[in-house]
Amino acid sequence: MSDDWLTGPILEQLSSGVLVVDEEFQLVYLNTFLQRHSSVQLTEAKGKSLFKVFADLPEAWLRRKFASVLELQSPSFSSWEQRQYVIKLPHLRPVTSSSQYMAQNCTMLPLNNPSGRRHVCMLIEDATDAFVYQQHLQTTLQKLEQSNRVDGLTQALNRRYWEEQLKLEVQRAQRYQQPLSLLLFDLDKFKQLNDQYGHLGGDSVLIELTARVRGLLRDTDWFGRYGGEEFGIVLTNTALAGAMEVAERICLAVSSKAVTFNEHSIQSSISVGVAQLDAAGERAHEVLIGQADMALYNAKREGRNRVVSYSAGETEFQLKTN
Amino acid sequence: MALPVLICDDSLLARKQVRKSLPESFDADILTAANGVEALTILRSQEIGLVFLDLTMPELDGIGVLEAIKQDGLDCFVIVISADIQPEMQKRVTELGALAFIHKPVNPEKLVVILKHYGLI
Amino acid sequence: MSTVFSEEQRDCLQELINVAMGLASDKLARFLNTFVHIQVPAIELVNSAQIPAQFEAQYSSAEAALVSQGFLGNDGLRGEAIVLYQLENAHRIAALLGYDTDNASELEMLTDISSILTTTFLNGLAEQIDNSLSYSAPRVLSSRHNNMTEALIETACHWELALRVDISYQLIHHSFNCDMLLLIPGEAVLNIQQILDRIVEEY
């Protein structure tokens, strides 16, 4: 006894769409799921072009997909992650999401009718749940990243968290009368590097160089990404002389060895500004940053690839006149 | 009188398949070669009436053998049997003097048609 | 566990693959309207654990891609087919398939090409052994953003044996290389050996 009696009820109850077109892309079959979701009756759609029945289809793309199925007699696939839907249908989920349309996973299969004529059968699976779930996950991850402490690319601390730590360390140093120094460094001619090697190249350089720098620091130091190509290091329990040594070491670590990116050998260097905590009061950390920044500016001005320390008493006014 | 036949293919299975596809009525003395170099050695040293030739072989491929046969003016029929069946390839081997082109896996009925057509059986 | 195919089984498998490639290349040639030459110099049976090391050198740059697709047939024939290639190569064939190679559709392009290469080849293989296969949707395991080796290790460890098929596709104006790995579980290997023996015996 054949199983034909099964297929009717199953196709009717299936919570996936089934659609069949012939070689000319004329509709041959549309199951109940699709009929209901699209408010199209099979009786009126049969024999008509698929692209006339469903007005909003990505026609060129779909024709190409169908063509490959027909000619190669191999299946073809479409995932909601690459293309949210093929047929624009409203979804029936109670959950709110950014889209009111059903997310779909499609499988296109070669099919021959009894006379041997080639057809394509498209199975449409409702993937809206997965779509909605992924959106929630994305939002959660974004929030997490914001509350996170680390800069995704370089694994250095992100600016916000680093500055918080700087503030705390400054307070601690003041309280216990311990020396504290700050290094601010900046990749020389980074814009040119990006232009020449692309952002991927720039990123590679940042990743490698920050790894090198990290290797030279102690667990008690705070290494953060201050800006695009700007970084800061808080050296606890360190006076200016010691900080200068660290700065020189870092400077050399960067300039002495090129970074390999694809087949390129990229030479780079940094300019470093160093300052020791001097001020008192609640805004001491801001003063410290300002001083290190001034020293960094001088390092750039004096030719880059070098370390310059902040000279006590120097002010911006003096810089301008020099 | 038995016709000397050379089956040339680097695959043992393929050689067996060709052998098995030959009709019972075909009176043939079968020799085999696993690559183009071996094939030419045989072809140059004795009379071979018919060659079944694969295209993709190490040392010297089917095209190389066809070219050598043409150049040496060797007198034998060549039927190319290959996995690669594109029109371009078929055209090429025909220009180099191949009698016919069969694609793998060999269909014994089609082979008989060809052999009859050229009066080999 | 090391599973070794006998010389005869190997030869048989190699021939089946050659023919499958011939059938696939013919289909592709007609579809792409160009001359396609597919070369399969040799197949290699390796222990899955060895795979990552082998591919690391060749594909270690960030510009490689890895697409996986499961296949399932009768008589316990099943496994995972992985296609590995350099992204710049993928762009060439994508252009041939009529894709606009902007980044948004890169994933789509990768899965389509891989699916076509995998299914035409495996269908050709199945045809010869009187089997038929169904496929799962192709997934990108790794592309320009991810680490290829990790993905490969994670996948390979689920399977016992790997059949490495180095495929070189040559189209009339371009040529590009990609590697295909067929990962097969232990039980399927036994089935395949039986199938090969049966074929060898037929002749």
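**Figure 1. Antiparallel pairing of β6(A) and β8(A) over seven bridges.** In this predicted model, Asp186(A) stands opposite Glu230(A) of β8(A). Strand β8(A) is mostly covered, five of its seven residues being buried.

Figure 2. Among the facing residues, Phe223(A) stands opposite Ile233(A) in β8(A), and Gly224(A) stands opposite Gly232(A) in β8(A).

**Figure 3. The open five-stranded sheet of chain A.** The strand order is β7-β8-β6-β11-β12, and the pairing is mixed. Strands β7 (222-225) and β12 (306-309) of chain A form the edges, each pairing on one side only. From one strand to the next, the twist averages 20°. Helix α10 (residues 284-301) of chain A packs on the sheet and touches β6 (180-187), β11 (270-276) and β12 of chain A. The direction of α10(A) makes about 145° with that of β11(A). Strands of a sheet pair through backbone hydrogen bonds, in either a parallel or an antiparallel arrangement.

**Figure 4. The contact between chain C and chain A.** Chain C contributes 16 residues to the contact and chain A contributes 14 residues. On the side of chain C that touches chain A, the elements giving two or more residues are α1 (7-32) and α4 (106-128) of chain C. Helix α4(C) supplies the largest share of that side, eight residues. By class, the side of chain C that touches chain A consists of six nonpolar, seven polar and three charged residues.

Figure 5. Helix α1 (residues 12-21) of chain B is largely enclosed by the rest of the structure, because seven of its 10 residues are buried. The buried residues of α1(B) are Leu13(B), Ala14(B), Arg15(B), Lys16(B), Gln17(B), Val18(B) and Ser21(B). An α-helix has 3.6 residues a turn, so residues three or four places apart point the same way.

**Figure 6. A cis peptide bond in chain B.** The bond joins Lys104(B) and Pro105(B), and its omega is about -5°. Pro105(B) belongs to the loop between β5 (100-103) and α5 (108-117) of chain B.

**Figure 7. Glu59(B), a residue other than glycine with positive phi.** The phi value of Glu59(B) is near 70°. This residue is placed in the loop between β3 (50-53) and α3 (62-72) of chain B. Glu59(B) is partly exposed, because 13 other C-beta atoms lie within 10 Å.

**Figure 8. Asp130(C), a residue other than glycine with positive phi.** Phi of Asp130(C) is near 55°. The residue occupies the loop between α4 and β5 (133-135) of chain C. Asp130(C) is exposed, because it has 10 other C-beta atoms within 10 Å.

Key: Residues numbered from 1 in each chain as written. Chains lettered and ligands numbered in written order. Predicted model: local features only at pLDDT ≥ 70, side-chain atom pairs only at ≥ 80, totals over all residues. Contact = placed C-beta atoms within 7 Å. Helix = DSSP H or I, 4+ residues; strand = E, 2+ residues; numbered from the N terminus. Nonpolar A, V, L, I, M, F, W, Y, C, P; charged D, E, K, R; others polar. Pairing = 2+ DSSP bridges. Axes fitted to C-alpha atoms, helices over the stretch in contact; angles between N-to-C directions. Buried ≥ 20, exposed ≤ 12 C-beta atoms within 10 Å, placed from the backbone.
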